[in-house]
Amino acid sequence: MDKPQPPAAPQLTRLQHWHKTRRMTALLLSLWMLTGFCAAFFARELAGLSVFGWPLSFYLAAQGASLVYLGIIAFYAWRMRRLDRAARQQPEPSA
């Protein structure tokens, strides 16, 4: 049997692809910087709270930020695959 095809993504021009890629990269880099900054900046205030016997600041720095970074990477890979497929479907203009 034939494998069902996923729904076709809307076609993108090279310029649209570039703008969407830059915008997504800027947003994800902002999230990355915000995660790293907030874990360090609010460490003193969060040290009074504990999670499973560990200070919350330690937990966020050791586990939480790493999980956010993995989420950023997974989202970037998933979204770029979709954007690249949409751009690939657009026929190149002939010179």
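1. Residue Y59 lies in helix α3; helices (H or I, at least four residues) and strands (E, at least two) are DSSP runs, numbered from the N terminus. Because its relative accessibility is 33%, Y59 counts as partly exposed. The scale used here calls a residue buried under 20% relative accessible area, exposed over 50%, and partly exposed in between, with a 1.4 Å probe and protein chains only. Y59 and A39 are 20 residues apart along the chain, and their C-alpha atoms are separated by 9.5 Å.

2. On the basis of the note: this is a predicted model, in which local features need pLDDT of at least 70 and side-chain atom pairs count only at pLDDT 80 or more, while totals for chains, interfaces and linings use all residues. Residues are numbered from 1 along each chain as its sequence is written, and side-chain values use heavy atoms, with hydrogens and water left out.

3. The overall make-up is as follows. The chain has three helices and two strands, arranged along the sequence in the pattern α-α-β-β-α. Of its 95 residues, 17% count as buried. Among the contacts with a separation of 6 or more, 78% are accounted for by residues 24 or more positions apart; contact means heavy atoms within 4.5 Å. The accessible surface of the chain comes to about 8000 Å², and carbon and sulfur atoms hold 66% of that surface. Such areas come from the Shrake-Rupley method with a 1.4 Å probe, and for residues only the protein chains shown count as cover.

4. Helix α3 covers residues 56-89, and its 34 residues should span 50 Å at 1.5 Å a residue; the end C-alpha atoms are 47 Å apart, which agrees. The expected span of a helix is 1.5 Å times one less than its number of residues. The buried residues in α3 are L56, S57, G64, A65, I72, M80, L83 and A86. Their cover includes α1 (14-41), α2 (43-46), β1 (50-51) and β2 (54-55).

5. Where is the kink in α3 centred? The kink, of about 35 degrees, is centred on G64; the bend at a residue is the angle between axes fitted to the seven residues ending there and the seven starting there. G64 counts as buried because its relative accessibility is 16%. From C-alpha to C-alpha, G64 is 8.8 Å from A39, although the two are 25 residues apart in sequence.

6. Helix α1 has 28 residues, which at 1.5 Å a residue should span 40 Å; its end C-alpha atoms are 40 Å apart, so the two values agree. Its buried residues are H17, T21, M24, L28, T35 and A39, and what covers them includes α2 and α3.

7. Within α1, T21 counts as buried because its relative accessibility is 10%. Which residues does T21 touch, not counting residues up to four places away in sequence? They are M80 and L83, and both of these are listed among the buried residues of α3.

8. L29, W32 and M33 form a nonpolar patch with about 340 Å² of accessible area together. Patches are made of residues with over 30% relative accessible area and no salt bridge, where like charges are joined within 9 Å and nonpolar side chains (Val, Leu, Ile, Met, Phe, Trp, Tyr) within 5 Å. A salt bridge is a side-chain nitrogen of Lys or Arg within 4 Å of a carboxyl oxygen of Asp or Glu. L29 belongs to helix α1 and counts as partly exposed because its relative accessibility is 46%.
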